[in-house]
Amino acid sequence: SKLTVIPHGVDAAPFRQATGAGIRERHGIAPDAPLLFFHGTLHYWPNTEAVRFLVEQLLPRLLEVHPDLRVLVCGRNPPAYYAHPAVVFPGSVEDLPAYVAAADVCLCPVFSGGGTRMKLLEYMAAGQAIVSATKGAEGIQYVDGQDLLIADEPDDFAAAVTDLLGDPTRRR
């Protein structure tokens, strides 16, 4: 009787209203370039590892199919040692909903750590297409293939992203 459970949530209104206007231009990303998005506190080890996965595992697979693809990785303390020509690290951003809205696909390649990945709730509030690792979606109620796509291996993750990039209707 002394325990209260308060579910996680986000204020969905800013994410539903955001358009993403100006984000690509601000960072020199072509209007028609496929754009992926990830954010978090980047000195938190699971998020640092997610950036490593993006650069070392995912990008080599995706750039073969989409050579003009770009990834926006927002958050404090970006790991400069994972710099890559296809990755833009804007640091912390004031208008997160606009950055989420600018993306074609939002990512959560988080394979360790604990807690609820609030980024997934933000991506969902924005109505964005999402590819996540199983661990990244831990604590979120979802239906794989409907609310988001789950992929735990690099080839599967790349295939899920490629499928979504090639199918605007499915992304919506």
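Start at the largest pocket of this predicted model, where the lining residues divide into 6 nonpolar, 4 polar and 4 charged. The space in this pocket comes to about 200 Å³. To find the spot in your viewer, select Gln128, Ala129, Gln146, Asp147 and Arg171, which are the closest to the pocket's centre among the 14 residues that line it. How does anyone find such a space? Rolling a probe the size of a water molecule over the atoms shows where empty space is left.

**Stop 1: helix 5**

Now select residues 118-125, which make up helix 5. Is this helix enclosed or open? Helix 5 is largely enclosed by the rest of the structure, because 6 of its 8 residues are buried. Colour the buried ones to see them: Lys119, Leu120, Leu121, Glu122, Tyr123 and Ala125. Next, show what covers them. The cover includes helix 1 (12-17), strand 1, helix 3, helix 4 (96-102), strand 4 (105-108) and strand 5 (130-132).

**Stop 2: a pair of rings**

A search of the whole structure finds 4 aromatic pairs. Phe37 and Tyr123 form one that is edge-to-face, with 6.1 Å from centre to centre and 75° between the planes. The pair links distant parts of the chain, as Phe37 sits in strand 1 (residues 35-39) and Tyr123 in helix 5, 86 residues apart. Both of these residues are buried.

Which other residues does Phe37 touch? Leaving out residues up to four places away in sequence, its contacts include Leu72, Cys74, Leu96, Tyr99 and Val100. Ala103, Val105, Cys106 and Leu107 are also among them.

**Stop 3**

In soluble globular proteins, nonpolar side chains tend to be buried together.

**Stop 4: Thr48 in helix 3**

Stay with helix 3 and pick out Thr48, which is found there. Is Thr48 buried or exposed? Thr48 counts as buried because its relative accessibility is 3%, and the cut-off for buried is under 20%. Show its surroundings too: apart from neighbours within four places in sequence, Thr48 is in contact with Leu42, His43, Pro79, Tyr81 and Tyr82.

**Stop 5: Asn77 in a loop**

Now go to the loop between strand 2 (70-74) and strand 3 (87-91), and select Asn77. Its phi is near 55°, a positive value in a residue other than glycine. Asn77 counts as partly exposed, at 46% relative accessibility.

**Last stop: Ala98 in helix 4**

Finish with Ala98, which you will find in helix 4. This residue is buried, with a relative accessible area of 7%. Which residues does Ala98 touch, not counting those up to four places away in sequence? They are Ala18, Gly20 and Ile23. Try the distance tool as well: the C-alpha atoms of Ala98 and Leu36 are separated by 13 Å, while the two residues lie 62 residues apart along the chain.

How values were computed. Residues numbered from 1 in each chain as written. Predicted model: local features only at pLDDT ≥ 70, side-chain atom pairs only at ≥ 80, totals over all residues. Heavy atoms only, no water. Contact = heavy atoms within 4.5 Å. Phe/Tyr/Trp six-rings, centres within 6.5 Å; stacked < 30°, edge-to-face > 60°. Helix = DSSP H or I, 4+ residues; strand = E, 2+ residues; numbered from the N terminus. Buried < 20%, exposed > 50% of the residue type's maximum accessible area, 1.4 Å probe, protein only. 1 Å grid on protein atoms, 1.4 Å probe; cavity = no way out; pocket = protein on both sides within 12 Å on 5 of 7 lines; lining within 4 Å. Points joined across faces, edges and corners; volume = space filled by probe spheres on them. Nonpolar A, V, L, I, M, F, W, Y, C, P; charged D, E, K, R; others polar.
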